[in-house]
Structures are given as structure tokens and as C-alpha cells.
4 protein chains.
Amino acid sequence: MKDAMRINFASDNAAPVCPELMQAIQTENTGPALGYGNDDTTRRMEQSFTDLFGCDLKAYPVATGTAANVLGLSMMTPPYGSVYCHELSHIQLDECGAPEFFTDGAKLALLEGGNGKITAPDLEAALAVSGRGVVHHVQPAAISLTQVTECGTLYEPDEISAISEVARRHGLGVHMDGARLANSVAALGCSVADITWKAGVDVLSFGGTKNGAMSVEAVIFFDQAKAAEFEFRRKRGAHLFSKLRYLSAQLEAYLKNDLWLGLAAHANAMAQRLSEGLQAQGNHHLHYPTQANIVFVTLSVPVIEKLERAGFLFYVMGPREEGQVRLVTSWNTTEEEVNLFLSHVGS
Amino acid sequence: MKDAMRINFASDNAAPVCPELMQAIQTENTGPALGYGNDDTTRRMEQSFTDLFGCDLKAYPVATGTAANVLGLSMMTPPYGSVYCHELSHIQLDECGAPEFFTDGAKLALLEGGNGKITAPDLEAALAVSGRGVVHHVQPAAISLTQVTECGTLYEPDEISAISEVARRHGLGVHMDGARLANSVAALGCSVADITWKAGVDVLSFGGTKNGAMSVEAVIFFDQAKAAEFEFRRKRGAHLFSKLRYLSAQLEAYLKNDLWLGLAAHANAMAQRLSEGLQAQGNHHLHYPTQANIVFVTLSVPVIEKLERAGFLFYVMGPREEGQVRLVTSWNTTEEEVNLFLSHVGS
Amino acid sequence: MKDAMRINFASDNAAPVCPELMQAIQTENTGPALGYGNDDTTRRMEQSFTDLFGCDLKAYPVATGTAANVLGLSMMTPPYGSVYCHELSHIQLDECGAPEFFTDGAKLALLEGGNGKITAPDLEAALAVSGRGVVHHVQPAAISLTQVTECGTLYEPDEISAISEVARRHGLGVHMDGARLANSVAALGCSVADITWKAGVDVLSFGGTKNGAMSVEAVIFFDQAKAAEFEFRRKRGAHLFSKLRYLSAQLEAYLKNDLWLGLAAHANAMAQRLSEGLQAQGNHHLHYPTQANIVFVTLSVPVIEKLERAGFLFYVMGPREEGQVRLVTSWNTTEEEVNLFLSHVGS
Amino acid sequence: MKDAMRINFASDNAAPVCPELMQAIQTENTGPALGYGNDDTTRRMEQSFTDLFGCDLKAYPVATGTAANVLGLSMMTPPYGSVYCHELSHIQLDECGAPEFFTDGAKLALLEGGNGKITAPDLEAALAVSGRGVVHHVQPAAISLTQVTECGTLYEPDEISAISEVARRHGLGVHMDGARLANSVAALGCSVADITWKAGVDVLSFGGTKNGAMSVEAVIFFDQAKAAEFEFRRKRGAHLFSKLRYLSAQLEAYLKNDLWLGLAAHANAMAQRLSEGLQAQGNHHLHYPTQANIVFVTLSVPVIEKLERAGFLFYVMGPREEGQVRLVTSWNTTEEEVNLFLSHVGS
């Protein structure tokens with residue numbers, strides 16, 4: 001697979017680990033440390049998150065984005081509850097029933113919405129007919145937002161606040177799937193607090209793997225009371241690592257000197273370059289505005305085949321003949337790679 | 001925690017990653033690779049296991065021993081089933097209900113037995129009164145053996161075969177928790193096939209983390225038909241890594257040139273040295289024969305306190321005043337560390 | 001509640017037990033009988049179903065429609081599976097997550113469709129994008145049809161066959177929620193086999209409670225192999241009655257001399273009378289064709305309030321000001337009650 | 001099965017419904033009533049329980065003893081929790097994993113104890129090594145007591161209080177499986193409050209089916225806060241009856257004029273007569289003191305066979321050649337039946 005001719009636009013999780021995090025893993029690898037998070041690195045890691053967000057919090061490393069999402073949701077949702085989410089969300093489409101499993105059988109309640117985004121009025125309308133308090137119906141328990149969305153678009157801080165306000169009024173917890181949170185913060189130019197706890201988010205999946213880490217996400221609880229039983233649920237889910245320090249070391253290095261934002265800003269810039277290049281070629285349809293590190297574009301089948309032969313990695317979404325292509329840039333995408341792609345498309 | 005004064009007898013999972021595996025991780029870290037196991041390293045890893053065991057198999061990397069155990073058991077046990085296991089087993093005592101979670105509510109049926117070992121006659125007797133076919137009772141579905149046991153003892157190949165024969169006759173699947181399988185193979189001097197598929201094991205948790213890996217175990221299915229739905233269960237359990245190749249790379253390096261056996265043999269030798277040293281001091285009670293890399297010994301409270309002050313890491317099991325100490329050696333335990341421990345105990 | 005002034009159009013399950021079934025319960029009540037279905041009445045009941053359907057089958061009494069549905073579905077759907085159903089179906093809207101609970105976390109995949117009905121092409125289209133075999137996605141496992149639908153409409157036999165044919169081709173089991181199956185058979189004038197096993201149904205919830213029984217439904221397995229583990233799942237769900245014979249006695253009497261069809265035909269006729277009476281009054285909007293024993297009509301708020309004051313029981317669906325009224329007739333609805341209702345509406 | 005020659009000592013749930021409850025069912029059967037417990041009879045039934053216990057409470061009818069037990073336990077036990085119970089308890093041996101299912105995977109922690117009874121010191125000792133607060137271990141959440149025990153023996157009020165006191169100190173909820181609670185109250189001559197809420201019980205399964213009802217138990221919550229989500233869990237478990245009033249009517253009649261105690265006192269007296277008769281014959285070994293309505297005795301195989309040929313229904317526990325016979329009397333056991341049994345044994 002390590003073929004020099006292969007150029008990755010398939011996914012940001014197909015990229016390798018960035019050098020700073022690889023170095024952090026190595027640095028961690030000296031001497032013994034008690035397992036299961038009872039180590040100094042894990043303590044420092046949590047402090048780094050506290051400093052970053054500027055509030056009291058609990059931060060728990062896990063190794064997959066799905067684990068972060070579903071363990072977080074399991075803290076907010078009883079088995080007879082429901083989680084409102086966009087119909088295109090990762091928890092609905094791409095986690096093979098993990099949300100239902102970890103919530104012991106709760107239901108996902110799907111919302112539509114342009115550009116992969118839920119709106120506050122739509123949530124309000126759905127809750128109005130949810131049957132709150134009526135024993136025949138699952139009970140609304142949480143709302144899950146994805147930032148960056150599956151469409152590569154962004155929620156503005158005030159959009160998140162508006163949704164959270166509806167949630168709060170109806171007694172729902174607010175979860176954010178932030179597998180690409182770094183890309184959103186870099187793009188919005190806000191503070192990470194502005195789109196999380198200051199906008200009403202209770203539990204956050206803070207992604208690392210898609211932005212240069214080996215395999216690490218953090219589940220962040222801004223309401224520490226809600227974290228009380230998390231540790232038991234993580235262990236019960238078989239997601240407590242004995243050598244947790246290697247996850248913590250990655251997260252610590254990831255936050256240090258805003259490395260996470262730098263990596264994401266680069267990926268965003270590459271997507272912007274790609275998007276603008278495609279638009280400059282004139283005849284390509286972009287499905288969504290390019291706001292982070294993902295570009296959705298329609299290409300002809302011959303172009304798709306040419307790109308594949310040339311060694312570019314990417315996904316065709318839906319029927320191949322419709323030519324809907326998803327292009328994801330990452331921390332190590334280069335301008336040369338983007339240029340090469342554009343030249344293949346445009347030639 | 002990386003305190004030079006700290007000497008680890010607490011657990012083999014408190015040891016760092018061995019250099020060969022750290023190198024394998026680095027070597028893997030060049031260029032992109034498709035995620036979720038669709039990479040060359042993962043394919044090579046599975047071939048390495050096929051070569052090692054000398055039979056067709058499926059090998060799936062996961063990151064925790066608990067995940068390996070409970071995902072394996074979930075393939076063998078319906079929700080109304082039961083898993084027979086030793087009352088001291090890890091799945092019963094140390095996994096916070098993960099077996100019940102992943103089997104959707106199956107029951108663990110506990111067996112006693114000296115030195116942490118189940119016997120075939122005891123299993124036979126328990127199955128005789130299990131209520132097979134009677135709707136009021138959970139239905140026997142699997143037996144889980146631990147090799148090395150929680151007491152640091154070993155099953156001989158013929159003991160495993162005898163248990164498997166009972167299981168087979170009663171329609172039970174056979175699972176082996178091999179978190180320390182390497183230590184058992186190194187100690188028994190047999191082939192790994194002799195104590196697994198040739199002795200009737202269907203599904204194996206093949207441990208890496210306690211023997212020098214960062215965080216990786218393999219779930220091995222010798223009956224590939226039983227693996228059919230494993231991939232969905234792994235994903236649903238949030239245990240499918242996008243960057244799976246970094247787990248696969250560790251496993252590949254772990255098997256190469258019998259590295260896994262060399263690391264384990266060293267740990268075993270250090271435990272033997274420790275055990276013999278304690279016995280030579282005359283007045284210490286060993287709870288179990290030292291057959292692998294764990295020593296259980298009774299020490300006086302003043303000695304325990306002296307050792308703790310000197311920076312030795314270890315666990316006191318049960319009430320402190322009873323002085324039951326567990327000492328675990330690992331791939332990087334040194335003769336000097338053992339000598340130093342013995343001199344503190346004996347002085 | 002037993003208020004002579006109260007006239008029930010609220011639900012067919014608000015009606016009392018019909019005399020023949022009450023008599024059957026009394027007749028059963030002499031002498032002892034072994035519990036849990038090991039009694040003669042239960043054996044006779046199963047034979048009655050075999051005779052009715054004209055094929056080998058297994059018939060299991062349970063006490064609620066939800067239990068019948070979700071236990072049936074649990075036999076067809078793995079925890080990482082999905083059940084396709086109409087977005088208005090009872091299993092989606094009115095069972096408080098019981099399907100997710102009994103399937104250990106499977107997902108309901110919702111289909112739209114006029115008059116509360118799924119179409120074969122829509123199912124086909126949904127399955128085409130379901131991600132069969134891809135580990136990230138839940139796996140299509142079953143289709144659930146409701147006959148009579150929640151809208152009071154009917155599937156024709158060939159519509160059911162067409163859906164089953166799609167299901168068969170994609171490896172899905174076919175479940176039918178027949179809480180009001182009697183009403184459909186009475187209305188269609190077909191045999192019950194024509195809309196069940198002959199049309200491809202594998203597992204059937206055969207309703208009794210809404211048509212004159214006290215509390216009993218039968219789960220019918222036409223594919224007896226699929227029944228193999230049902231008995232364990234029923235017990236595990238706490239739905240195996242010790243005094244099961246009182247449920248069986250009801251079902252036996254229900255089938256005898258086509259009592260079930262007679263009761264349903266009467267209810268249907270009353271709904272038809274009601275529907276025609278409303279239409280004759282000219283200015284009422286019926287939401288769906290009246291094909292069984294349910295009428296959906298829009299009434300003005302003043303009329304609704306007049307009816308409520310007069311002691312009529314019925315439900316207003318959705319916001320009261322929209323005036324969407326659901327009227328359900330039952331085995332003991334009288335022409336006088338219908339006439340009285342119509343006169344209140346029309347005056 | 002309604003064979004005049006069959007005399008039931010098999011189980012109190014093999015007896016028919018007592019006339020007063022059959023009458024109550026008939027009396028209920030006039031006119032419509034809103035479903036799912038929104039009826040007057042259900043309200044009166046709850047008031048009857050409030051009057052009986054002399055305290056505020058919530059009372060929920062369900063149809064099986066298993067449903068009562070496991071729904072009650074599900075309110076006290078998180079999925080990573082454990083329920084302490086006797087190793088012979090019904091929830092451990094006879095509910096096919098329903099406790100694990102309804103608690104979403106909690107573990108039963110087994111206690112030994114003579115005559116089927118847990119002792120406070122044994123519970124204290126077990127909790128001392130339970131690993132409270134340690135993430136690797138399931139967390140103690142509840143204790144479940146059975147009154148009358150599976151051995152036909154009784155807890156004295158002060159024994160229950162002592163156990164509850166330990167539970168309270170360790171933060172455990174107290175559940176009582178009272179499938180035969182009536183027999184215990186009749187035998188102890190205390191008030192029902194004395195062995196339930198006044199002795200520290202939080203949630204009670206109040207049995208009816210084994211003492212003359214058709215199929216009804218009540219789940220009683222003395223701590224109403226713990227009942228808050230019960231209604232959703234009952235519906236999700238498919239245990240909410242639409243025609244709930246027929247269950248409520250039975251319970252109301254059961255409590256009226258102390259019918260429940262009269263029925264139980266009769267059954268107890270018959271067991272006493274049987275036990276004394278067996279002892280008077282001199283050579284029979286009783287396994288437990290006869291304190292309620294169950295007698296355990298060893299009989300020779302020829303005697304067992306003679307009894308079976310004569311049409312007596314009873315269970316042989318364990319291997320037939322050991323001759324351990326369980327005899328259960330019920331509300332309709334007669335002196336003649338007991339005499340006839342004794343004459344067959346003694347002849």
C-alpha cells in the first residue's frame with residue numbers, strides 16, 4: 001500500500017501519523033507506568049484540555065471515533081430514549097448499530113436539513129410531536145450534532161447555540177461528534193469553547209485520528225456530573241486501554257503549541273485550493289460549499305477512471321454512473337498532489 | 001511516572017513497548033493506506049498467523065484483551081446462553097460486565113478448581129445439571145479457558161483436550177483467553193497449535209499487550225464459519241480501527257523470528273529467578289507453583305512497606321494485613337531488578 | 001369507567017371481552033394443569049392454527065401485541081441488523097423501543113408510502129443503497145408489514161407477494177404485524193393463508209386482543225426452523241405464562257366456527273356505516289379509504305367538543321386545532337352507537 | 001389435563017383460578033374502558049395496595065413473576081452493576097437470563113446460605129471484596145431476597161431488616177421476590193408492611209398467580225422516585241397490557257377482605273398437614289423445615305412410581321434415583337388429597 005504513486009484523497013484517516021505525534025509516542029516509551037490511566041501523562045493530558053477549553057472538564061481518551069460517539073451518547077440516553085440527529089450523520093449511517101448497542105437499544109430520530117445540517121426550528125418541530133411523557137413512545141433524550149458535518153460544511157456558533165437552546169428547553173443533552181472538530185475551529189477562526197461548551201454542548205467527541213493521530217479521540221464532559229459513570233461504561237465497552245498513556249501522549253502533543261489547529265488549517269487550505277481549482281475549470285458541479293477539508297464534486301465516469309488509473313485514492317458515493325466523488329484532504333496533503341489531481345481532471 | 005527508581009512488578013502491561021514493535025510502528029508510518037483493514041500490512045499479518053498455526057484461520061486485531069475476549073465469546077453465545085469459566089477468570093472478575101454486554105446478556109457459569117484451573121470432570125458435572133433444553137434455564141453455549149491462568153499456572157495440552165472433548169460432546173464452543181499465551185507456549189515448550197486448535201479451541205484471544213506490544217491482541221477463529229459475522233460485531237462494538245495497519249504492523253513484527261516467544265521466555269525466566277530466590281530465603285509462602293511470569297507470595301506488612309518505599313510497583317491482593325502479593329515479570333524485567341527485589345525482601 | 005353513557009370509538013382494545021371467549025376462560029377453569037404450555041388446551045390450540053392455515057406451523061400465545069411483534073422480529077434480526085418498516089408502523093411509533101430492546105439493538109429502517117403502505121419498488125430502492133456486506137452499515141435482515149395498516153387500509157395479496165419477493169431476493173425475513181389481521185381477512189374475503197404464508201410471510205403476529213379477546217396474540221412461525229430458539233427468547237422476555245392455558249383457551253375459542261372472522265366482519269361493517277354516514281353528510285374529509293374498522297376524519301373543534309361532552313370516546317391525532325379524529329369500531333359497536341355518533345356530528 | 005384423577009402437588013401455579021377472582025374478571029367485563037391502565041379499576045387497585053401497606057406507593061400489574069422481578073431489578077441496577085442473590089434463587093436458576101436481559105447485562109452475584117436464605121454477615125463479607133468504585137469490577141447495585149424462599153422457608157422480619165441495613169450502608173437497593181409473599185405473611189402472622197417497607201424493602205414483586213390468580217403480579221415501589229421510569233421500562237419490555245383492567249380487577253379482588261391471606265393460610269395448612277403426616281410415618285427425610293406451602297422430602301423410587309401411576313402430579317428434583325421430591329400445596333388443595341397422598345406413601 002505504501003506505493004509512492006498512490007495519492008490519498010480517500011479519507012483523512014488514510015493519512016499516516018504526523019511526526020510530532022510519532023515522536024510523542026516514542027518519548028513516552030521509557031520505563032514503566034501503571035496501567036489504565038493511572039499515569040502522569042494522562043493527568044497532564046487532561047490538564048491540557050482544561051487549559052484549552054478554559055473550564056472544568058473531564059477528558060477520556062478512546063481509540064475510535066465511533067467509541068467516542070457512542071460512549072458519550074450512552075451517558076445521555078436511557079434505553080427507552082431517542083437521539084435526534086441528521087439523517088446523514090455518522091452515527092446513523094456508518095457505525096453499524098453501535099449507538100443502539102451502547103445505549104442498550106435507544107432509537108435514532110432522524111432530521112433532514114440542507115448541507116448536512118440540523119436547524120433549531122426543525123428540531124423544535126420534531127420535539128413537538130415526539131410524545132414526551134407518553135409511555136408508548138421513546139423519550140427524547142439527546143441531540144447529536146456533527147462538526148464538521150458529513151457534507152464538509154460548518155455550523156456557525158450561533159446555529160449551535162440556537163439548537164442547544166431548544167434542547168435545553170426540552171430536557172435534551174447536547175452531543176457533538178467532533179471527529180473533524182479541528183478543521184471547524186481552524187476554518188471558523190473562533191475559539192474551540194465558542195462552538196462547544198459556550199454554545200451549550202454537554203459531551204464532545206474531540207477527534208484526533210483524522211488529523212494526524214494514530215488512533216485517539218477524547219470524550220470531553222463539560223458537565224462533570226454526567227461523567228460519573230463514564231469510566232464504568234468505557235471499561236464495560238472494552239475501551240479502557242491498559243497502556244492508556246500512549247493515547248494520552250498523542251493527545252498531549254496534539255494540543256501543544258496548537259499543533260492540532262495547524263494541521264487542520266493546512267488540510268482546509270488544500271481543500272480550498274482543490275475546490276477553487278475545480279471551479280476554475282468551469283464545468284464541475286460542487287454539491288456543497290467547501291468549508292473545511294472535504295470537497296464533493298460530480299465528475300464524468302471517464303475522468304474518474306483516468307484518476308483511478310493514475311493512482312489517486314478517493315470514494316465514489318452512490319451509483320458510479322452518477323459520478324459523485326468525495327475528496328478529502330489531510331494534514332499531509334501537498335500542493336503538488338492537489339495540482340496533479342487538478343491537472344488530471346482538467347486535461 | 002517515568003521514574004528511574006520505579007521498578008515494575010505490578011503488571012506486564014505496565015512495561016513499555018519493546019523496541020522491535022516500536023520500530024514496526026515507525027516503519028508502517030510512510031504514505032497513505034486505506035483504512036479499516038483494507039491494507040497490505042493487515043493482509044500480511046493474517047498470513048503470518050496462518051503460517052504460525054499451520055491451519056486456515058481468520059485473525060482480527062483489536063486493541064484490548066477485554067475486547068478480544070468478549071467479541072470472541074459473542075460469536076459463540078446466544079443472549080439466553082451461558083459461558084462456563086473459572087470463578088477467578090478475567091472475564092468474571094475484571095471486565096466490568098463486558099462479557100454480559102457483548103453477548104447481549106448471557107450469563108457466566110462459574111466453576112471452581114485448584115490453581116485457577118477448570119477440570120474436565122467438573123465441567124461434565126456442571127453440564128449434567130444445567131437444564132439443557134429446558135426453557136427456564138440459560139443454555140450452555142461455551143467454555144472459556146485462560147492460558148496462562150490468573151494464578152500464573154498452566155494447562156497441559158491434554159488437560160485442554162479433555163475439557164474440549166466434554167465441550168464438544170455437549171455442543172459448547174471452546175474459547176481461550178490467551179492474554180499471556182506466549183508465556184504458556186514458551187513455558188510448555190510445545191507448539192502453539194498443540195494448546196489451541198489441535199486441543200479443540202475454536203476461538204482464541206492471542207495476547208500482545210502484556211508481552212511488549214503497545215495495545216494489540218488478535219482474535220483468531222480456527223472455525224472460519226464462526227467468523228462470518230465477527231466483522232459486524234467488531235464494528236458495532238466500536239473496535240474497528242480506521243488506522244488498523246498500526247495494530248497489524250505490531251502483530252506482524254511480534255510473530256517475526258519468534259520474537260513473541262523470546263520476550264515471553266525472558267519474562268518467565270525472571271519469574272523463575274524471583275520465585276526461586278524467594279523460596280531460597282526459606283520463610284515465604286508461595287500460593288501457586290510458578291509456571292509462567294507471575295509469582296504469588298505472602299509477605300509481612302513491614303516488608304511490603306519497605307518495598308513500596310524503595311519504589312517497587314506491585315499489587316497486594318485482598319486485605320493488606322494478609323500480605324498476599326502478586327509479582328509479575330515482563331519482557332524488560334532485568335536480573336538486577338529481581339536481585340534488588342530479593343535483597344529488599346530478604347534483608 | 002363502566003359508564004353507560006360512554007360510547008367507545010377510541011380503540012378496539014377499549015372494548016370488553018366477547019362472551020364466547022369469556023366462556024372459554026371459565027370452561028378452562030376446572031382442575032389442575034401443568035404450567036408453561038405443557039397442557040392439553042395449548043396442544044389443541046396449536047392444532048387449530050394448523051388446521052386454519054393448512055400448513056405445518058408453530059403457534060405461541062403471548063399477551064400483548066408488542067410482545068408478539070418484537071419476539072417475532074428478534075428471531076429474524078441480528079443485533080447489527082435492520083428491520084424495514086413503514087414510518088407510521090406500530091413498531092416504530094408505539095412500542096417505546098421494544099423492537100430495539102428485543103433485537104438487542106437492531107435498527108428500524110423507515111419507508112414512506114401512501115395510505116400507510118410500503119411498496120415493493122420502494123423496498124427494492126432502499127435495499128439497493130443499504131450497504132449490504134459493508135461493515136460500517138447495519139445489515140438488512142427483515143421487512144415488517146402491518147395488516148390492517150395503521151391508516152386502516154389493506155394490502156392486497158399480490159402486494160404482499162411482491163414485497164416478499166423483493167425480501168426473499170435480498171435475504172430478508174418477512175414479518176407481518178397482524179394485530180387486526182382478522183379485520184383484513186374479513187374485508188378481503190380471501191383465506192388467511194393467501195395473505196400470510198402463501199404470500200411469503202415467515203412470522204406472523206396473529207392478533208386477538210383488539211377483536212374480542214382479553215389479552216392474547218399468537219406468534220405463528222411458518223418456517224419452523226426459525227422457531228427453534230423462540231421458546232428461550234419468550235421466557236427470557238418474561239412472556240411465558242405459567243397458566244398459559246387461559247391464553248390458549250381464548251385462542252382456541254377464537255378460531256372455533258370462524259368466530260374471529262364474524263367479530264371482525266361486524267366491526268368492519270360498523271366502520272363502513274360510519275364512513276358512509278360521514279360522507280353522506282357531505283363536508284367531512286376522510287384521510288384514507290375506509291377498508292377495515294378504522295375511520296380517519298377531520299372534524300371541527302366545536303364538533304369534537306360536543307362529541308366529547310356527549311360521552312363519546314375517541315382520539316384526536318396531532319394538534320387539536322387541526323381536528324384529525326381517529327374512530328375505531330369493534331366487535332361490540334352497535335348500529336345505534338354509530339347512528340348516535342353521526343347524529344351528533346351532523347346536527 | 002382436566003382429569004379428575006390428577007391431584008396436583010406439582011406447583012401452586014398448576015392450580016386453577018379461585019372463584020372470587022374469576023368473578024372479578026366477569027364483573028369487570030361490562031362496557032368499554034380506556035386502555036393501558038387509564039381506567040377506574042386500575043386506580044382503585046392502586047388505592048387498595050396503599051391501604052394494605054399503609055404508606056404511599058406505586059403499584060403496577062404485570063402478568064408473570066419473572067416480569068415483576070426483572071422489571072423491578074432493572075430500576076435498581078445499571079448495566080455495569082450486580083445484583084446479590086441466593087444461589088438457589090428463581091432469578092438465578094429459573095428465568096432463562098431475563099434479569100440479565102432487562103438490566104441490559106448486569107451480573108448476578110451469588111451467595112450461599114442454609115435453607116435457601118441469605119444472611120446479613122455473608123452479604124457484608126461479599127460486599128467487602130466487591131471492588132466498589134474500581135473500574136474493572138461490576139458495581140454492587142441491589143440485593144434480591146425471596147420470601148417464601150425456593151426451599152419453602154421464611155425470613156423473619158428482623159432477618160430482612162438486618163440484610164437491608166447492610167444494603168443501605170453500601171448503597172444497594174433492596175428487592176423482594178414475593179411470588180409467594182401471601183404464604184409468608186399468613187405463616188408469620190405479621191403485617192405485610194413488617195416484612196417489606198418497614199424492613200427496608202424498596203421494590204416488591206407481590207405475587208398473585210401462585211395463590212389463585214389467573215396471571216397477575218404487582219410490582220410495588222415504596223420509593224416512588226424509583227418508579228419514575230418504570231412505566232417506560234414496562235412498555236419497552238412489552239409488558240403493558242391494553243386491557244390492563246382485567247389484571248387490576250384480579251388484584252383488587254385478591255386484596256379485598258384479606259382473600260389473599262385466607263387462600264395462602266389454607267395452602268400453608270395443607271403443607272403442614274402433609275409434612276406432619278410424612279414425619280409421622282417415621283422414615284422420611286425432610287430437607288427443610290416446612291414453614292409455608294412447600295415440602296421437600298426424600299422418597300424411594302418405587303414409592304415415586306406408585307404415586308405417579310396413581311395420578312399425583314409433583315416434581316422430582318435432581319437425579320431421579322436420589323428421590324428428592326418437591327410437593328407444593330395451593331389454595332385448592334384439599335385434606336382429602338393430602339390424606340390420599342399420605343396413604344399412598346405410607347402403604
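Start with chains A and B: chain A can be laid on chain B with an RMSD of 0.0 Å by a turn of 180 degrees and a shift of 0.0 Å along the axis (a least-squares superposition on the C-alpha atoms of residues with pLDDT of at least 70 in both copies). The two copies are thus related as by a two-fold rotation axis. To find that axis, select G237(A), whose C-alpha is the nearest to it in chain A, at 3.6 Å.

A word on what you are viewing: this is a predicted model, in which local features need pLDDT of at least 70 and side-chain atom pairs count only at pLDDT 80 or more, while totals for chains, interfaces and linings use all residues. Residues are numbered from 1 along each chain as its sequence is written, chains are lettered from A in the order in which they are written, and side-chain values use heavy atoms, leaving out hydrogens and water.

Select L286(B) and you will see V297(B) of β10(B) opposite.

On to the aromatic rings. Rings of Phe, Tyr and Trp (its six-membered ring) pair if their centres lie within 6.5 Å; planes under 30 degrees apart count as stacked, over 60 as edge-to-face and the rest as tilted. That rule gives 74 aromatic pairs over all chains. Select Y60(A) and F221(A): this pair is edge-to-face, with 6.1 Å between centres and 75 degrees between planes. Y60(A) sits in β2 and F221(A) in β8 of chain A, 161 residues apart.

Jump to chain D for F49(D) and F53(D), whose ring centres are 6.4 Å apart with planes at 20 degrees, so the pair is stacked. Both lie in helix α2 (residues 40–53) of chain D, four residues apart.

Last stop: select R236(A) together with F101(B). The charged end of R236(A) sits over the ring of F101(B), 3.7 Å from its centre (the rule asks for NZ of Lys or CZ of Arg within 6 Å of the ring centre and within 35 degrees of the ring normal).

Conventions:
Pairing = 2+ DSSP bridges. Helix = DSSP H or I, 4+ residues; strand = E, 2+ residues; numbered from the N terminus.
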